[in-house]
Amino acid sequence: MFEAIRREAERYYRHSHHDRWHVERVYRLALRIAGELGAGVDLDVLKAAALLHDVARAMEDEGLVEDHAREGARIAREILARVGFPREKIERVAYCIEVHRFRSGVKPETLEAQILQDADRLDMLGAVGIARAFARGGWSNVPLHDPSRPPKERYDGRSETVVNHLYEKVLKIRDTLNTEPARRIAERRHRFVEEFLERFLREWEALD
Ligand code: FE
């Protein structure tokens, strides 16, 4: 069943910052968080939500849909019905996908949705998060850094440089996480991003 869902989802990925490997990492992080939390998580719902959460992401990046979370939930319902996923659980998967996005600022009401949101956010942190931020910047031809454009106080969904993106969005993630295991995993990843920025800016000024 989950192999079928995974294969269906793979048809939708087109960009290296949101590819099948992002989805696999989120899937593993979600299962790890669920394991550390112990009982009370519906793993069917969580696994399906992780595998399907970004099916509409590429469409949003390409300007084809406005909100990949809502559109992703719609596509997920179709796929889940097609592969014979338990009917009574489909809406709970769709809910996880609908509220997972960073920009929504929504605090999810179900445990599975909280875990998916945390797992997705953890993949923006650490070495992998930095790699994804620059991959995305390259895709949309955003400069690495521009000292004449300081980071904005509030993230408005778009950063002028990748370094600003790390300050405006990535370094804010640690304080938005829902679950204790995710907060623990975030610590080292957060620190690594800080160390990266420190070193990057020193090299930029020829100091290191
Ligand atoms: Fe994602």
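1. A polar contact is a pair of N or O atoms within 3.5 Å; within protein, one atom must be able to donate a hydrogen and the other to accept it. In this predicted model, the side chains of N178 and Q117 make such a contact, at 3.0 Å.

2. N178 sits in a loop, with α9 (162-168) on one side and α10 (180-204) on the other. Its relative accessible area is 11%. Residues under 20% count as buried, so N178 is buried.

3. Which residues does N178 contact, leaving aside its neighbours within four places in sequence? They are K107, P108, Q114, Q117, D118 and R183.

4. The model holds an iron ion, coordinated by H22 and H53 through NE2 and by D54 and D120 through OD. The distances are 2.1 to 2.2 Å. Along the sequence, the donor residues follow the spacing H-x30-H-D-x65-D. H22 and D120 link distant parts of the chain, being 98 residues apart: H22 belongs to helix α2 (residues 20-37) and D120 to helix α7 (residues 111-122).

5. The geometry of the iron site deserves a remark. The angles among the four donor atoms run from 86 to 174°. A tetrahedral site needs all angles between 85 and 135 degrees, and the site of the iron ion is irregular.

Technical notes:
Residues are numbered from 1 along each chain as its sequence is written. This is a predicted model: local features need pLDDT of at least 70, side-chain atom pairs count only at pLDDT 80 or more; totals for chains, interfaces and linings use all residues. Side-chain values use heavy atoms; hydrogens and water are left out. Donors are N, O and S atoms within 2.8 Å of the metal (3.2 Å for Na, K and Ca); water is not among the atoms, so sites may look incomplete. Four donors count as tetrahedral if all angles lie between 85 and 135 degrees; four count as square planar and six as octahedral if opposite donors are over 155 degrees apart and all others between 65 and 115; anything else is irregular. Helices (H or I, at least four residues) and strands (E, at least two) are DSSP runs, numbered from the N terminus. Buried means under 20% relative accessible area, exposed over 50%, partly exposed in between (1.4 Å probe, protein chains only). Contact means heavy atoms within 4.5 Å.
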